[in-house]
Amino acid sequence: MTQSPYDILFEPVQIGPVTTRNRFYQVPHCTGMGHRYPQAEARLRGIKAEGGWGVVSTQETEIHPSSDLTPYNEGRLWDDTDIPALRLMTEAVHAHQSLAAIQLVHNGLHAPNRYSRLSPLAPSAAAVDGNDPVQARAMDKTDIRQFRKWHVAAARRARTAGFDIIYIYAGHDMTLLQHFLLQRHNHRGDEYGGSFDNRMRLFREVLADTKEAVGDTCAIAVRLAVDELLGAEGIQHDGEARDIISALAEEPDLWDVNLSDWSNDSQSSRFAREGFQEPYTEFVKSVTSKPVVGVGRYTSPDTMLAAIKKGKLDLIGAARPSIADPFLPNKIQQGRLEDIRECIGCNICVSGDNACVPMRCTQNPTIGEEWRRDWHPEKVTHDPGRERFLIVGGGPAGLEAACLLVKAGHEIVIADVRDTWGGRVSLESTLPGLSEWARVRDWRLWQLQQVQNAELYLGSALTAQDILDYDVAHVVLATGADWRSDGVGRTHRRPLDFLADRAVLTPDDVMDGALDASADSGPIVIYDDDRFYMGSVLAERAVQSGRPVTLVTPSPVVAPWSEHTLEQARIQTRLIKLGVNIVPLHLLCGCDDETITVSCVYSDRRRDIECACLVSVTARSPNDGLWNQLQQQQDQWDAAGIKSITPVGDCVSPGLIASAVYAGHEYARSMIAVGPVSPLREDNR
Ligand code: ADP
Ligand code: SF4
């Protein structure tokens, strides 16, 4: 067998009584499916195993109704009736010789128990996380004994369900065991609070209980947050985290270490680079001989190799890289490095769980659709009837449709009016912090450049007549959308007439270099009614011009939807640090050449803001002109040999890049389906 520099990544690693076939470890991550969509959950995890992940974990799995995260779709092991759903997953994972791990959790004061209506539990009486008007009660000794029994019962059930690795979870500031460890949550005066040893007591007990109950056949993993980035207010990697791991060094069979809370653990590429957790986690191997797994959005085989060779980790942990490319390990093993669909760090996957729906991914449109629509991330039926497709527009929707059609054996011609591929992705990836987003374009373009059945044309503005003359069976219109300049968005549903009287820049103008071209040095005002990332990245971009910048938004905070991607606090902090003047809860109500007038959304009180340059970030208009024209000429399609013309992506419904990719993929699947297209199946176990 030929040697590969990456062979070390494929060595087996013993984890207590079990052995993983390689060093690729899909750490626990939410899917937005859990107990609500067990078939979908099982298929998704099984595909990770098929793609080469040696260990595949569940998401956090509630051990008792007093840890009830409804309406979030997490795992559940409240009683024996939950075992069959989880067995679906272990069977799917074992079918590919991988190990199945389960992350048991009691969420303590993080669980408001909206469905079970039980009293939340905590080391000390405290308000629960979030805004629910309920407090957790301080656990008495009976509660503590009960909790230990629940954990043991859940561990036994997990073994019955077929799990090989069972987690004890103290991370993300959302678990009871971590709450007992942390001084800010644990104010007890008994043997479970106060000193380091006392705060460790419950953790030690649960670890010992679990080992005794199932440790003969199952590996016991500890997931511990080693830093909360809160300074002395939280756990620190060079403080108590080191003490905890030193004290329990050889007790568990595996240490899974990371940052807390979730927004620190899953930092987006706008805020953190690959391997960003290493400075916090690399000490762990020096205090234990047990295998250590850590994360840091590892997508590059060389970075993974370095982490192993330099003795920072034993196992490469991944959530997002395994979502973007479930076949990442197999591709490394087969030497297909260029084929790896690298995560772009946009955290759209996270938004699924946060919005209580199955996850979606910008890079991998099949995620979450493995069971529901029977989509596989790598396999596609080879269509026996080869046809010719013309794709107008080489943004994410057009490129994705092209890739899948080509893979199914069709012939495609893709054309774009610009001189670069990627559409909005190419433009947006030039904005501060978004450079990794270009991977959406690069991966697809590379796929198309490898095959004979794709013709690619830049600088080609296609008209309706060009299309009718082209001699193709199917036409895809993936012509995208343009940002509006008339103020219409979520707040103003009709054009703001006063904007017609002054110059207004759109995000498209800024991305085309309008700010660089301007000799003006007066203040820039960004009016953001879009409410996701664009307003804030443009504010960062505007700051680079050296001019004073104000961001006005009708919402209470900057970029409110970025709560779903765990970025909101970081975005607002960054803008404040950059000196951006933030004016929340105000809408645009007037302007002249030097000022804009804004009014409070509640009181209608008005104020003027100096403004030499107004950038309006409100909504986008679909580029549906071609589609409208071609619809009017439908009587000519037959004579032109055209069987179908279909608009997809932003030209239909402007949205996330992930949605455009999905739309392109869905279109292609619909054209290559042999037999009926899979309906959206309901997951009734
Ligand atoms: P999506 O997100 O739906 O893929 P984008 O806006 O990213 O949409 O990409 C649309 C692409 O379509 C852009 O690159 C644009 O230049 C191109 N385009 C729009 N109209 C035409 C046309 N008539 N002929 C060729 N290309 C077009
Ligand atoms: Fe990565 Fe974005 Fe996909 Fe999440 S949604 S896995 S961050 S590419």
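**A guided tour of the pockets, cores and domains**

Begin with the largest cavity, whose lining comprises 5 nonpolar, 6 polar and 4 charged residues. In this classification Ala, Val, Leu, Ile, Met, Phe, Trp, Tyr, Cys and Pro count as nonpolar, Asp, Glu, Lys and Arg as charged, and the others, Gly among them, as polar. The model is predicted: local features need pLDDT of at least 70 and side-chain atom pairs count only at pLDDT 80 or more, whereas totals for chains, interfaces and linings use all residues. Residues are numbered from 1 along each chain as its sequence is written, chains are lettered from A and ligands numbered from 1 in the order in which they are written, and side-chain values use heavy atoms, with hydrogens and water left out.

**The largest cavity**

Select Gly34, His35, Gly75, Ala85 and Leu86, which are the closest to the centre of the largest cavity among its 15 lining residues. On a 1 Å grid over the protein atoms alone, a cavity is a set of points where a 1.4 Å probe fits but cannot get out; a pocket is an open set with protein on both sides within 12 Å along at least five of seven lines; lining residues have an atom within 4 Å of a point. Helix 1 (38–50), strand 4, strand 5 (75–76) and helix 2 (83–94) each give two or more residues to this lining. Helices (H or I, at least four residues) and strands (E, at least two) are DSSP runs, numbered from the N terminus. The space in the largest cavity is about 140 Å³, and the count comes to 5 cavities of 30 Å³ or more. Grid points are joined across faces, edges and corners, and a volume is the space filled by probe spheres set on the points.

**The largest pocket**

Next, colour domain 1 (7–354), domain 2 (388–480 + 623–672) and domain 3 (483–621); these bounds come from an automatic or database domain assignment. The largest pocket lies between domain 1 and domain 3, because both give residues to its lining. Its volume is about 1,200 Å³. Select His110, Met174, Trp262, Asn354 and Leu566, the closest to its centre of the 48 lining residues. Strand 4 (55–62), helix 7 (262–265), helix 10 (320–324), helix 12 (348–354) and helix 20 (568–577) give two or more residues each. By class, the lining has 18 nonpolar, 15 polar and 15 charged residues.

Now move to Val350, in helix 12. Val350 is buried, with a relative accessible area of 5%; buried means under 20%, exposed over 50%, and partly exposed in between (1.4 Å probe, protein chains only). Leaving aside neighbours within four places in sequence, Val350 is in contact (heavy atoms within 4.5 Å) with Trp262, His564 and Leu566. Its C-alpha atom is separated by 9.9 Å from that of Glu563, 213 residues apart along the chain.

**The nonpolar cores**

Select Leu9, Phe147, Leu224, Ile245, Trp255 and Ile332, which touch the most other members of the 71-residue largest nonpolar core. Such a core is a set of buried Ala, Val, Leu, Ile, Met, Phe, Trp, Tyr and Cys residues joined through side-chain atoms within 4.5 Å. Helix 3 (residues 141–161) gives the most to this core, with 8 residues. Another core, of 38 residues, lies apart from it and includes Phe271, Val537, Leu575 and Val661.

**Domains 2 and 3**

Finally, show domain 2 with domain 3, whose C-alpha centres lie 31 Å apart. Their contact takes 13 residues from domain 2 and 13 residues from domain 3. End at Pro647 in strand 29 (residues 644–647), which is buried with a relative accessible area of 18%.
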